[in-house]
Amino acid sequence: MTRLTAASLTLHAFTDELAHHFHDINAEWINAMFRLEDTDREVLQHPRRSIIDKGGVILFVEAEGLGIVGTCALQKSTGSGYELTKMGVLERARGLKVGEFLLAAMIERAVALQASPLYLLSNAKCAAAIHLYEKAGFVHDAEIKATYGARYQRCDVAMRYQS
């Protein structure tokens with residue numbers, strides 16, 4: 001397989017025409033590792049209402065020759081807080097640094113929004129993603145887990161971004 005470079009990756013902001021990719025990419029990885037929970041269904045089926053209209057952001061990554069292969073959201077939570085959520089890369093595009101490219105763009109957006117805290121909820125089974133988050137400046141945080149972790153049954157990892 002030919003390796004793509006960052007120059008081959010393009011960011012796209014949310015549009016209603018791209019919304020189905022947000023659903024499909026996330027449903028693929030969630031169903032492969034866990035099961036869709038009610039909160040997943042609500043966000044994936046109604047991304048404009050659940051994220052965009054509430055002051056959040058959804059980005060997509062297009063890989064040259066492959067189309068839209070990744071997506072991620074910043075979901076407004078409380079006050080100035082944002083959850084980095086629903087970050088997924090299609091299995092056929094893994095290993096192409098799409099996740100790193102997307103995560104860097106989302107952190108840049110969160111900083112511009114003055115997100116505080118910027119946090120994420122995950123599961124220890126997502127070891128590669130957790131390693132990526134750690135490299136980007138996220139640290140494990142018991143307070144985030146206690147405050148926001150009950151949102152997902154599968155959540156056993158909570159992290160906060162340290163700029």
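Two rings of Phe, Tyr or Trp are taken as a pair if their centres lie within 6.5 Å, and a pair counts as stacked when the planes are under 30 degrees apart. By this criterion, the structure, a predicted model, holds five aromatic pairs. In one of them, the ring centres of Phe14 and Phe60 are 6.5 Å apart and the planes meet at 25°, so this pair is stacked. Phe14 sits in the loop between strand S1 (9-13) and helix H1 (19-33), while Phe60 belongs to strand S2 (residues 57-63); the pair therefore ties together parts that are 46 residues apart in sequence. Both of these phenylalanines, Phe14 and Phe60, are buried.

A second stacked pair is formed by Tyr119 and Tyr148, because their ring centres are 4.0 Å apart and their planes lie at 15°. Here the partners come from strand S5 (residues 118-122), which holds Tyr119, and helix H6 (residues 142-148), which holds Tyr148, so parts that are 29 residues apart in sequence are tied together. Tyr119 and Tyr148 are both buried. Ring pairs also link Tyr133, Phe138 and Tyr161 into a cluster.

Strand S2 is mostly covered, with six of its seven residues buried. S2 runs antiparallel to S1, and five bridges join the two. Within this pairing, Thr10 has Glu62 of S2 as its bridge partner. S2 is also joined to strand S3 (residues 67-76), again in antiparallel fashion, by seven bridges. In this second pairing, Val57 stands opposite Leu74 of S3. S2 and S3 form a hairpin with three residues between them, and Gly65 in the turn has a positive phi of about 85°.

The largest nonpolar core has 30 residues, of which Leu74, Leu84, Leu103, Met106, Leu118, Tyr133 and Phe138 touch the most other members. Two or more residues each are given to this core by S2, S3, strand S4 (82-89), helix H4 (98-112), S5, helix H5 (127-136) and strand S7 (157-161). The most is given by H4, with seven residues. A second, separate core comprises 18 residues, including Leu18, Ala19, Ile25 and Phe60.

Some backbone details also deserve a look. The peptide bond that joins Ser116 and Pro117 is cis, with omega at about 0°, and Pro117 is found in the loop between H4 and S5. Two lysines have a positive phi although neither is a glycine: Lys86, at about 55°, and Lys97, at about 70°. Lys86 has its place in strand S4 and counts as buried because its relative accessibility is 5%. Lys97 has its place in the loop between S4 and H4 and, at 53% relative accessibility, counts as exposed.

A further lysine, Lys145, has its place in helix H6. With 33% relative accessibility, Lys145 counts as partly exposed. Lys145 and Ser122 are 23 residues apart in sequence, and their C-alpha atoms are 9.8 Å apart in space. Leaving aside neighbours within four places in sequence, Lys145 is in contact with Ala150, Cys155, Asp156, Val157 and Ala158.

A disulfide is a covalent bond between the sulfur atoms of two cysteines. The structure holds zero disulfides. For Cys72, the closest cysteine sulfur is that of Cys126, and the separation of 13 Å is too far for a bond. Cys72 counts as buried, as its relative accessibility is 0%. Cys155 is in no disulfide either, and the nearest cysteine sulfur, again that of Cys126, is 10 Å away. Cys155 is buried as well, with a relative accessible area of 9%.

Technical notes: Residues are numbered from 1 along each chain as its sequence is written. This is a predicted model: local features need pLDDT of at least 70, side-chain atom pairs count only at pLDDT 80 or more; totals for chains, interfaces and linings use all residues. Side-chain values use heavy atoms; hydrogens and water are left out. Rings of Phe, Tyr and Trp (its six-membered ring) pair if their centres lie within 6.5 Å; planes under 30 degrees apart count as stacked, over 60 as edge-to-face and the rest as tilted. Helices (H or I, at least four residues) and strands (E, at least two) are DSSP runs, numbered from the N terminus. Buried means under 20% relative accessible area, exposed over 50%, partly exposed in between (1.4 Å probe, protein chains only). Two strands pair if DSSP finds at least two bridges between them. A nonpolar core is a set of buried Ala, Val, Leu, Ile, Met, Phe, Trp, Tyr and Cys residues joined through side-chain atoms within 4.5 Å. Contact means heavy atoms within 4.5 Å. A disulfide is a pair of cysteine sulfur atoms within 2.5 Å.
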